[in-house]
Amino acid sequence: MRKKTVKMTLAGIILSIGLLSIYHFKRDIFVEPLECYLLEANIESKSKYKLLLVSNAPYLKTNIKKGLERSFWKEISLDTLCFYDDFLVVYYRETKYLTRHFKEGNQYVPLYSHWDNTMDWRNHNEDRLGAIRLCRRKDGTGFYSIIINDIGYGVHMFVDLIKRNRTYQDFDDIKDFNDIKDFYIKKCKELGLEKTDIENDEEY
């Protein structure tokens, strides 16, 4: 009788862990296009910087990388890439405290800390998903880089002490290109995006 009870208890624990894992990784199991919201944007001459908040980001690094790339190339146009020499997009995960209403210097709602409740980007290093950058040189060549930050699958117990003290960059994928138009067509084809070089998906 005792063995049967122990087996039932173990089965219950395993089932609970399985269900919790499925719930936690549901965005990796049922992959959907990323929903991104603009938090910040800055333009300086021929450079543009954007900070986007992702409301439905997955946790597995390969899925994050695929999602960010697809989002970047889906929203950008060839005209935009030809206009800017440096285009950087930084992505963060939407959380309880990092929301679409985040603005550095404002107060957190709900309360973040009784000691210092001021919204501060330093509180969100672990919420940073990664960044995509495309730079063009004066001769028309350039490079495309992707950095994905590893936060231990979104579960703090999987992150060692070194990673907790800094943002750990797990992917550093850099590709050189000779012609921006050829590279644009190649990336859109690689990601299965049906676009043409005359599309204008965003304003300068």
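The model is predicted, so local features need pLDDT of at least 70 and side-chain atom pairs count only at pLDDT 80 or more, while totals for chains, interfaces and linings use all residues. Residues are numbered from 1 along each chain as its sequence is written, and side-chain values use heavy atoms, with hydrogens and water left out.

Start with Tyr-184. This residue is found in helix H6, residues 180-190. Helices (H or I, at least four residues) and strands (E, at least two) are DSSP runs, numbered from the N terminus. Tyr-184 is buried, with a relative accessible area of 1%. Buried means under 20% relative accessible area, exposed over 50%, and partly exposed in between (1.4 Å probe, protein chains only). The C-alpha atom of Tyr-184 is 8.2 Å from that of Trp-73, although 111 residues separate them along the chain.

Now the rings. The whole structure holds 16 aromatic pairs. Rings of Phe, Tyr and Trp (its six-membered ring) pair if their centres lie within 6.5 Å; planes under 30 degrees apart are stacked, over 60 edge-to-face, and the rest tilted. An aromatic cluster includes Trp-73, Phe-83, Phe-183 and Tyr-184.

Phe-83 also meets a charge. The charged end of Lys-46 sits over its ring, 4.3 Å from the centre. The rule asks for NZ of Lys or CZ of Arg within 6 Å of the ring centre and within 35 degrees of the ring normal.

Next, the charged pairs. Side chains of opposite charge can pair when their charged atoms come close. A salt bridge is a side-chain nitrogen of Lys or Arg within 4 Å of a carboxyl oxygen of Asp or Glu. By this rule there are eight salt bridges. Glu-69 bridges to Lys-65, with the closest N and O atoms 3.8 Å apart. The two are four residues apart in helix H3, so about one helical turn separates them. Glu-69 is buried at 5% relative accessibility. Lys-65 and Glu-69 belong to a salt-bridge network with Lys-187 and Glu-190.

Arg-133 and Asp-86 form another salt bridge, at 2.6 Å between the closest N and O atoms. Arg-133 lies in strand S4 and Asp-86 in strand S3, so the pair ties together parts 47 residues apart in sequence.
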